[in-house]
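This report describes one protein chain.

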Amino acid sequence: MSPGFTIWITGLPGSGKMALAQALAERLPKPVEIIDSGKLRASPLGASLGFSREDRDLNCGRHAFAARLLTRHGVIGIVKAVSPYKATRDAIRADLGRFVEVHVSTSREVCIDRDPKGVWAKALAGEIRSFTGVDDPYEEPTHPEARVDLGVLNPVEAAEVVLEALNRLGYVSEGSGDEEAVIQQRLEQGGFTTT
C-alpha cells in the first residue's frame with residue numbers, strides 16, 4: 001500500500017477550491033477522499049461551531065484529524081477549507097508531515113463577482129459577520145507547494161499545475177492518475193461525447 005498524504009486547499013470563499021478538489025480527485029491515483037469544510041460544518045461534527053478564531057481553528061483541527069486517519073490507511077486526503085490563518089495551517093503541516101499546501105489565489109474581486117451562494121453580497125451588506133475577506137482576515141500562504149488562480153485557469157488546468165508539483169515532490173509519479181478519466185475529460189473538452 002502506498003503511503004497517503006494530505007493536500008490542503010486553502011483560499012477565499014468562492015475561489016474555486018471545490019472545483020479544484022474534484023478535478024484533482026479525478027486525476028490522482030486511488031484511493032482519494034475529499035474532506036469538504038462546508039459539508040463538515042453542516043454535519044453534527046461542525047454544526048455547533050461559529051466563526052471565531054477559536055472555532056475556525058477547531059474546525060481545521062477536525063479536518064486534520066480526519067486527514068490523519070485517511071493518510072494512515074494509504075488514502076490521499078484532499079481538504080478543501082478556507083482555513084484563513086497561516087499559523088493554524090503551519091501547525092497542521094507540522095502535525096501531519098505528509099502535507100501539500102495548495103493556495104487558490106483567485107482574487108477577491110473575482111470571488112465577489114462569482115458569489116454562487118450570495119454570501120459575499122450578504123457579508124458586504126453587513127448581514128454576515130466575521131466573513132473571511134470582508135471583516136475577518138485571510139492570511140495567504142507564503143510558501144505553498146502550489147499556487148493557482150481560478151480566475152485565470154479552469155479547474156482542469158489548475159489540477160495539472162498541482163499534479164506537476166506533486167510529481168516534483170515525489171508524492172505521485174507522472175501518469176499515475178486515472179488515465180481513463182483524463183482521456184474522457186480531454187475528449188469532452190474537445191467537443192466529443194463519450195458513453
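## The chain as a whole

A contact means heavy atoms within 4.5 Å. Among contacts in the protein chain between residues at least 6 apart in sequence, 74% join residues at least 24 apart. The model is predicted: local features need pLDDT of at least 70, side-chain atom pairs count only at pLDDT 80 or more, and totals for chains, interfaces and linings use all residues. Residues are numbered from 1 along each chain as its sequence is written, and side-chain values use heavy atoms, with hydrogens and water left out.

The protein chain has eight helices and five strands; these are DSSP runs numbered from the N terminus (helices H or I, at least four residues; strands E, at least two). Their order from the N terminus is β-α-β-α-α-β-α-β-α-α-β-α-α.

## Helix H3

H3 covers residues 53–72, 20 residues in total. Its buried residues are Arg56, Asn59, Cys60, His63, Ala64, Ala67 and Thr71 (buried: under 20% relative accessible area; exposed: over 50%; partly exposed in between; 1.4 Å probe, protein chains only). Seen down the axis of H3, these buried residues fall within an arc of 140 degrees, so they line one face of the helix; the arc is that of the directions from the helix axis to the C-beta atoms. The face turned away from the buried side carries the exposed residues Glu54 and Arg72.

Just after H3, Gly74 has a positive phi of about 80 degrees.

## Composition of the pocket lining

The lining of the largest pocket divides into 12 nonpolar, nine polar and nine charged residues. Here Ala, Val, Leu, Ile, Met, Phe, Trp, Tyr, Cys and Pro count as nonpolar, Asp, Glu, Lys and Arg as charged, and the others, Gly among them, as polar.

Note on methods:
Expected span 1.5 Å × (residues − 1).
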